[in-house]
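Colleague: Please take a close look at one part of this model, a single side chain and the elements around it. What does it touch, and what does the rest of the fold look like from there?

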Amino acid sequence: MKENFLFHNYCYVSVCFFLSDRQVERDVTTSYKSSTPTIEKLRKKEMGEENKVTLYGMWASPFVRRVEIALKIKGIPYEYVEEDLRNKSQFLLQYNPVHKKVPVLVHNGNPIAESLIILEYINETWKNGPKILPEDPFERAKVRFWADFLQQQFLDSLRSATKSSGEAHEKAMKDVFEKLTVFEEGTEGFFPNGTPHFEGENLGFLDIVLCSLFGSHKVGEEALAMKIIDPERHPLIHSWVTAMNELPVVKETLPPHDKMVSFIQSLRGNSLD
């Protein structure tokens, strides 16, 4: 009984970190003053510096992290602006008026929202440096398919597990692990030698998405004593994530371990109130 209780809360916290970019957060009431700058004024300000890149994010967001990894891989200088999602800045609300979410990448005054779209924008805009997406259309389609599988189907299953209990919860968790199995079996072909290995820091689109979701899995293990990435159940995913976490570019973007543990425990505590 205790193990099921902890497991349920582990899933809840996992969802807090694995939230899709479009999921609505707690409503925040924002008052606009007549002096609030328009998007046109913000663009002019950003365009004052040629090729200026600004990333609006939140330190614990896996979706912001994937954009940071891509920028670092490409060697793109950027300014980072930390957002308080309980009191969103006028810049974030103006740059992303539809979803009011992070991440938002602003390039030469033009805002781009949604992390996967931002990754593609980075790949297409900055031709120098490693390619994030394959040149071959078929290979590119496969990478997009499995990234979307993680972003949609896997996260949907994980959310369902947090909203259920008893037999329904057990069924939902079974679906979570089945989705991971489908992903593992479907991506085995990406590694002809059977073991993930990276030359330098040439992470691709799917690598970045996977790393952003599971790179901090040890934080969850410490905070809640549960595993979602099990080397025995899913050896490929485990070795894949482990290999990426050894790369300097990934280590640079990992949130502080102790701070993340405290954050997870705080979220868990709030869920029990």
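**His234 and its surroundings**

Modeller: Leaving out residues up to four places away in sequence, His234 touches Phe177, Leu180, Thr181 and Glu184. The model is predicted. His234 sits in the loop between α9 (217-224) and α10 (235-245). Its relative accessible area is 2%, so His234 is buried; the cut-off for that is under 20%. With Thr181 there is a polar contact, side chain to side chain, at 2.9 Å.

Phe177, Leu180 and Glu184 are among the buried residues of α7, a list that also includes His169, Ala172, Met173, Val176, Lys179, Phe183 and Thr187. Down the axis of α7, these buried residues fall within an arc of 145 degrees, and they therefore line one face of the helix. An α-helix has 3.6 residues a turn, so residues three or four places apart point the same way. On the face of α7 turned away from the buried side are the exposed residues Glu167, Glu170, Lys171, Lys174 and Glu185. Helix α7 covers residues 166-187, 22 residues in total. From first C-alpha to last, α7 reaches 32 Å, close to the 32 Å expected at 1.5 Å a residue.

Next, the sheet. Four strands make an open sheet with mixed pairing, in the order β2-β1-β3-β4. At its edges stand β2 (79-82) and β4 (110-113); each has a single partner strand, so one side of each is left without a neighbour in the sheet. Ignoring direction, neighbouring strands are turned by 20 degrees against each other on average. Strands of a sheet pair through backbone hydrogen bonds, either parallel or antiparallel. Strands β3 (residues 104-107) and β4 run antiparallel and are joined by 4 bridges. Val104 has Ala113 in β4 as its bridge partner. Helix α3 (residues 62-74) packs on this sheet and touches β1 (53-57), β2 and β3, with its direction at about 155 degrees to that of β1.

Within α3 lies Ala70. Ala70 counts as buried because its relative accessibility is 0%. Setting aside neighbours within four places in sequence, Ala70 is in contact with Leu119, Ile122, Ile132 and Ile208. Ala70 and Leu203 are 133 residues apart in sequence, while their C-alpha atoms are 8.3 Å apart in space.

To return to the side chain you asked about: His234 is a buried loop residue, and its polar contact is with the side chain of Thr181.

Technical notes. Residues numbered from 1 in each chain as written. Predicted model: local features only at pLDDT ≥ 70, side-chain atom pairs only at ≥ 80, totals over all residues. Heavy atoms only, no water. Helix = DSSP H or I, 4+ residues; strand = E, 2+ residues; numbered from the N terminus. Buried < 20%, exposed > 50% of the residue type's maximum accessible area, 1.4 Å probe, protein only. Polar contact = N/O pair within 3.5 Å; in protein donor to acceptor, adjacent residues only side chain to side chain. Contact = heavy atoms within 4.5 Å. Pairing = 2+ DSSP bridges. Axes fitted to C-alpha atoms, helices over the stretch in contact; angles between N-to-C directions. Expected span 1.5 Å × (residues − 1). Arc of directions from axis to C-beta.
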